[in-house]
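Dear colleague,

Please find the structure below for your records.

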Amino acid sequence: MANRICSEAISYPLYLLFISFTLHFLFKKNNRSLIFLSISYVLLVLTRGQFLLLPIIIAFIYVLKWRKSIFKQEKLIPFIILLFIPLLPILLDKSYHKVKDGVFISTPFKYVNAMASALYVSEASNVNLFKDPDLKHIFKMSHDFTAKNNWLMSSKERASFAAYYNDFHGKLVHICNTTFHNKGTQYYLDKNQSIVEARTNIELAGKKMFPILIKNNFSKWFPLYLSNIIHGFKSVFLLIFIAIILFFSGLKICRFYSDKFAILFLFSSFILINALIVSFVSHSIIRYLFYNYFLIFLIFVELYKLILTKKND
C-alpha cells in the first residue's frame, strides 16, 4: 500500500526512527515513545513487510524487564499494544486492497517469491502431491519450464549447497517472475479471470503449494535455506557470532534482567529474525538486509562497553 503513496526509500529512515523510539521506550522508561514507535512501525511494515514480527521481540524484552509488575494496568496496556499492533498494518493493507481491487487480501507476491526455492528443489513426480487440478496444472507447467531451461537443482550436480545456492541466487528472478508468476497469472487469465483475480489466485496457489513442496523436499530445501542465510551475513563466522550473542544475552535477561544485555538481545534478534524471514521468502541481497548492518557495529560497541565496565569493577 505504502509503495503506491511514497517511495520505498523512506523505509530506512523509518527503520531508524523505529529503533530510536524502541530504545527510548524500553530503556528510558518513556511510555510516550510507544505512540511514535507504533506510528513508525505501521508505516515501516506497510512499506517493507519483513519487519512485521519486531514488536513481539520488544514485548518479550518488556515482559522480562517488568516481570514483577507486568499485570499492573500501567505496564499491561503497553504490553497488549505491542502484542496486537502487528494486526494493524495487516488490516490496513487488506482494507486498501478491498477498496482498490474489491478483494480483502494482503499485498500479493510473498508466496509467489517463496515458491522459487520450492520449485528449485522440486521433482517432476511432485505433481502427484496435488489433488486440486489447478495446482496440479500450475506445478507441471512451472516445473516443465524450469527443467527445460536448466533452472532446477537437479539440472546439474554441484560440489556443495553453497554452490547450489549461488546457482539459485542467479536464477530466482527467472523461476519466480518468468515462470511461476507470469505463467500462473496467464493460466488464470485464460480462464476469463480479471488481472486482479488472476494475481490473487496465483498468490493463493503459491500459499497452498509451498508447504507441500517443502515438506516433501525438506532434505534439499533446508540446506539451501541455511546457505541463503549464510550468504546474507557474508561469513558463517559472523552468523555464528550473532547467534551466540543472541543465545547468551537471552539467557542473561531471562535469569537476571539487565538493560546492557537486553540491548544486545534486541539488536541480535532484530538482525537474525530479518535474515531468517528474508531467506525464507526470497534471496539474501543488500536491498533486504542493509537495514541491520549498523546494528552489528553497535553490538561490538556494546560489547566493548561491557568489557570496560568489568575491567573497572
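Helix α11 supplies the largest share of the lining of the largest cavity, four residues. Helices here are DSSP runs of H or I with at least four residues, numbered from the N terminus. Please note that this is a predicted model, in which local features need pLDDT of at least 70, side-chain atom pairs count only at pLDDT 80 or more, and totals for chains, interfaces and linings use all residues. Residues are numbered from 1 along each chain as its sequence is written, and side-chain values use heavy atoms, with hydrogens and water left out.

The cavity

The structure holds one cavity of 30 Å³ or more, and the largest cavity contains about 50 Å³ of space. A cavity is a set of points on a 1 Å grid over the protein atoms alone where a 1.4 Å probe fits but cannot get out, and lining residues have an atom within 4 Å of a point. Among the lining residues are Y165, F168, W221 and N228. Two or more residues of this lining come from each of α9 (161-189) and α11 (218-233). By type, the lining has five nonpolar, four polar and no charged residues.

L83 is found in helix α5.

Yours sincerely

Conventions. 1 Å grid on protein atoms, 1.4 Å probe; cavity = no way out; pocket = protein on both sides within 12 Å on 5 of 7 lines; lining within 4 Å. Points joined across faces, edges and corners; volume = space filled by probe spheres on them. Nonpolar A, V, L, I, M, F, W, Y, C, P; charged D, E, K, R; others polar.
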